[in-house]
Amino acid sequence: MSATKSIEAPNDEPATRPAPVLEVRDLCTEFRTKAGVGRAVDGVSFTLHEGEILAIVGESGSGKSVTSLSIMGLIPDPPGRIAGGSVTYGGRDLTRLDEKALQKLRGNEIAMIFQEPMTSLNPVLSIGRQMTEGIRQHTGMSEAEARKHAVEMMRRVSIPAPEKRLGEYPHQFSGGMLQRIMIAIAMSCSPRVLIADEPTTALDVTIQAQILELMRDLRATTGASIMLITHDMGVVAEMADRVVVMYAGRKVEEGRVEDIFARPRHPYTRGLLAALPVLGTAGEVGGTQLNEIPGVVPALTDLPNGCRFSDRCALSTDKCLAEDPPFADRVGAHSAACWHSDRLAPTMEATS
Amino acid sequence: MQNRLEKAIALAGAAHTPAAGVAPSGWAVLLRRMGRFWRSAMSNRGARVGMVLVTVLVLVAFFAPWIAPYPPDEMGAGMSLLTPEMAYPFGTDEFGRDIFSRVIWGARLTIQVGVIAVGISLTVGTLTGLVAGYAGGWTERILMRLVDVVFSFTETLIALAAVAVLGPSLSNAMIAVGIAAIPFYARVAYSVTLVERNRAYFDAAYVQGAGHLRLIFLHLLPNIIPPLIVVATLGVSSAVLAAAGLSFLGLGAQPPSPEWGAMLSAGRDYFNQAPWIMIYPGVAIMITVLAFNLLGDGIREALDPRQTV
Amino acid sequence: MASFLAQRLFAALLTILVTTVAVSMLIHLVPGDPVQIMYAQSQGTTPEQLEEVRARLGLDQPLMVQYIQYMGRVLQGDLGRTIRGDQPVLELLLARLPNTLILATSALVIACAIGLVCGFVAAYRRGTWLDTLLMTSAILGVSMPHFWLGLILLFYFAVHLQWLPVAGSGAANLVLPAVTLGVTNAAIIARLTRSSMIDVFDQEFIRTAYAKGLPRALVLYRHALRAGLVPIVTMIGLQFTYMMGGAIVVENVFGWNGVGRMAIQAIFQRDYPLIQGFILMFAVVVVLVSVLMDLLYAWLDPRIRNR
């Protein structure tokens, strides 16, 4: 993995360490279902630093989207609730803020974009209205000023003829264009944190690359920190500075992207990497082997004893079935929650 | 009404999962599915309440001669306009007839209304929709356009027009109410047929060389039945309401029939002195309609849990 | 949008055309001799007189000719004359139509006011005791015969409390019939609004709106309500049709002097020209309302407006 990951910090002073912007500590989010209470997020901690792109990776059901919605205070209650932990931003614990204070932060200092641009915009409101309402809410601009700003933002995300398109409706745009608009809306109040929940999953491959490119550009020009939620290790490789891997509501591995790709310390991460199509062999369609991790993420109300990954893990031993491995937190370094981290061989890329 | 239609169409897609490729005799599959369907419907609280009420209604209608203390038309069973007491639980009417006995006997007429009216609309409507959906082309266009036209009139107007032609009587009111609801059933049957016609089992049967009648009655019909059960159950409540309305207007059952709507109509002059004349037949109509509404809603939810009204 | 409206207009015209055919043929569906039935209630009508009526109504002509003659008259605004009283049908109906429209419209306003609010609140508080309470009341309301509710209101407010007049066609007389018709239909609207709004609340764009930091009221009002309104408007159009149908019954409970009451009398008296005129007029009103609703629908939904 020599490619694109580490972008120079947007900061001009190379001496300063990137400061933490957002700190998540022991976050627990529960959902009440008929089958019982499920902890979709169970004691997750991580830190998002100034200007960095942090990828949160995992299959669906791993709790990554719930983590992001918990940060935004958008967990639907009922049936969900944040059962414990803290989310510290600007010296305040977001989990303890009231709705009013959260509203001031959402879309203003912490913005979010979603997976499905087609359904994430209101079909009966014009693009202009959907762009300006957030701007007006947070800046107190007049409608005319907000429109001007909206046009400016649309230009920055490369939407042609923005003045004209402001009056149009979502169904008149392509998916890629809508995701650009979502990004324009999210960035319009210059947030310090952008949470992107699978921003390219619903898009064509070529459009995906453009959207990722756009997000990298915006990070470089605005210095915003990006929390990128994805299940796609390819996207991670291209975008992230650091990676948090989640499985069944837990953080199972965390580290710099180079380290994660070269020497994964959790078999789950290893599995996710193995599921990537091997680069350079794309020509031989029949030959490339996609190695999927067998099985599925367990239901939150029906978790295995011991290590939650044990039932899908090739390295699993009696100890894994009996005892839950703790997250071996080596501060700032590459760590994982696995009894057998040391038995994992480096990936091919690291050895070659 | 529109909403019901959309729901029925929506659940046509969700109701079942016939195995692809094989062409099972639709009726056998239906029978096997009914058991599951029933258990699932009865897990809904509203449906259970509805089922209990419907059962009670049917039992009351069946055992009316044993339950009712007096014949429904026995004048002077008591004094006229007696307040409710032990001997006359619902009081007596202007002719001294026992209102309790009349309400009990009225259950028979109400069941008749439900069965006959829904029978008419279900049979004619299903056939129309089925044929239109199966035949396609001009048959489909003309039939369904006609159905749409009639549908836009509301059942009340069609029922009135039918009674205007046939003349006022309870049996004519049943027929009128049945005719009025035909377009509704036809539209549901039609849209469900369209869905079913595109399923693998239908193609399989077609390829095996099944004839038109066989395709329609052995393969399509059993598969469109589950959504039609929902429609027919809810249809009983609208039929009972509509027929009672016609009788109330004097266009349905005629005195001295113990039909509930007709009882309300006859009792209105005595409302002031004897409000119980008006209360019990109305409550009886309401409970009947409620029972079928609850049951229908419950069955619908069982067929398609996504739709919860 | 043009093609959408053209399509709807075509459907509307077709509906009216089919109605005229059905209405002109109505009299032939009557079992027995319609002319004899019509005059069965009048004493001492001679066979010659009956023949004369038959000729006047054109019943001795071939069906096709009858229809063409009927259409010719209808297009000139002549719906014939009543059997009882020999009055022009159109004038009679037009004189009473405003009363029915006033009743149906007031009832619709009441039904929407109650139904939309209750449905919206129930959807927003889905799963709570409030939702259960509202939806239980709604299913009771749907199951209540409106003529019965009408009688009870009439007895309680007009006869017992004497707050409102028992019968007549003044403004005070409007209250009870409008409430009767409105309340039962409010239940239907509440149920439909609830399911429509639940669909909307689950949409991702609602989450987006919250993520933008919009206050709850704005999200509900601008995003949820606007999006939910499109199916709700369609439904309200249909409701008006039901109101017109329900008005026929309710007018008879309260003695409200509208076309519905007249129609019922016409059916009793076997006054077929009046019945025919009533059905035709009812169809025209229903069709006009549905065309209006289509226009509104097209205007509300940009996906149709910009097609």
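The following dialogue considers how to read several features of this predicted model.

Reader: How many residues of chain A are in contact with chain C?

Author: On this interface, 27 residues of chain A are in contact with 20 residues of chain C. Helix 2 (99-105), helix 3 (117-120) and helix 4 (127-139) of chain A each give two or more residues to the chain A side. Helix 4 of chain A gives the most, with four residues. By class, the chain A side has 12 nonpolar, 11 polar and four charged residues.

Reader: How should I read the order of strands in the sheet of chain A, and which strands stand at the edges?

Author: The order lists the strands as they lie side by side in the sheet. In chain A, an open sheet of seven strands runs 6-7-8-3-9-10-11, with mixed pairing. Strand 6 (110-113) and strand 11 (335-336) of chain A are the edge strands; each has a single partner strand, so one side of each lacks a neighbour in the sheet.

Reader: In what sense do strand 7 and strand 8 of chain A pair?

Author: Strand 7 (residues 193-197) and strand 8 (residues 225-230) of chain A pair in the parallel sense, over five bridges. Within strand 8 of chain A, Leu228(A) is the residue opposite Ala196(A).

Reader: Which residues have the most contacts inside the largest nonpolar core?

Author: A nonpolar core is a set of buried residues joined through C-beta atoms within 7 Å. The largest has 279 residues, and Val177(B) and Ala243(B) have the most contacts inside it. Helix 10 (residues 216-254) of chain C gives the most to this core, with 19 residues. Domain 1 (2-75) and domain 2 (94-305) of chain C each supply at least three residues to this core. Among the residues that Val177(B) touches are Ala117(B), Ala159(B) and Ala243(B).

Reader: Which residues of chain C does the UniProt annotation "transmembrane region" cover?

Author: The unreviewed UniProt entry places "transmembrane region" at residues 101-124, 136-159, 171-190, 229-254 and 274-300 of chain C. Residues 171-190 of chain C are 100% helix, with end C-alpha atoms 27 Å apart. Residues 274-300 of chain C are also 100% helix, and their end C-alpha atoms lie 39 Å apart.

How values were computed: Residues are numbered from 1 along each chain as its sequence is written. Chains are lettered from A and ligands numbered from 1 in the order in which they are written. This is a predicted model: local features need pLDDT of at least 70, side-chain atom pairs count only at pLDDT 80 or more; totals for chains, interfaces and linings use all residues. UniProt positions are given in the numbering used here, feature names are shortened, and annotations may be inferred rather than shown by experiment. A residue is buried if 20 or more other C-beta atoms lie within 10 Å of its own, exposed if 12 or fewer, and partly exposed in between; C-beta atoms are placed from the backbone. Domain bounds come from an automatic or database domain assignment. Two residues are in contact if their C-beta atoms, placed from the backbone, lie within 7 Å. Ala, Val, Leu, Ile, Met, Phe, Trp, Tyr, Cys and Pro count as nonpolar, Asp, Glu, Lys and Arg as charged, and the others, Gly among them, as polar. Two strands pair if DSSP finds at least two bridges between them. Lists of a residue's contacts leave out its neighbours within four places in sequence.
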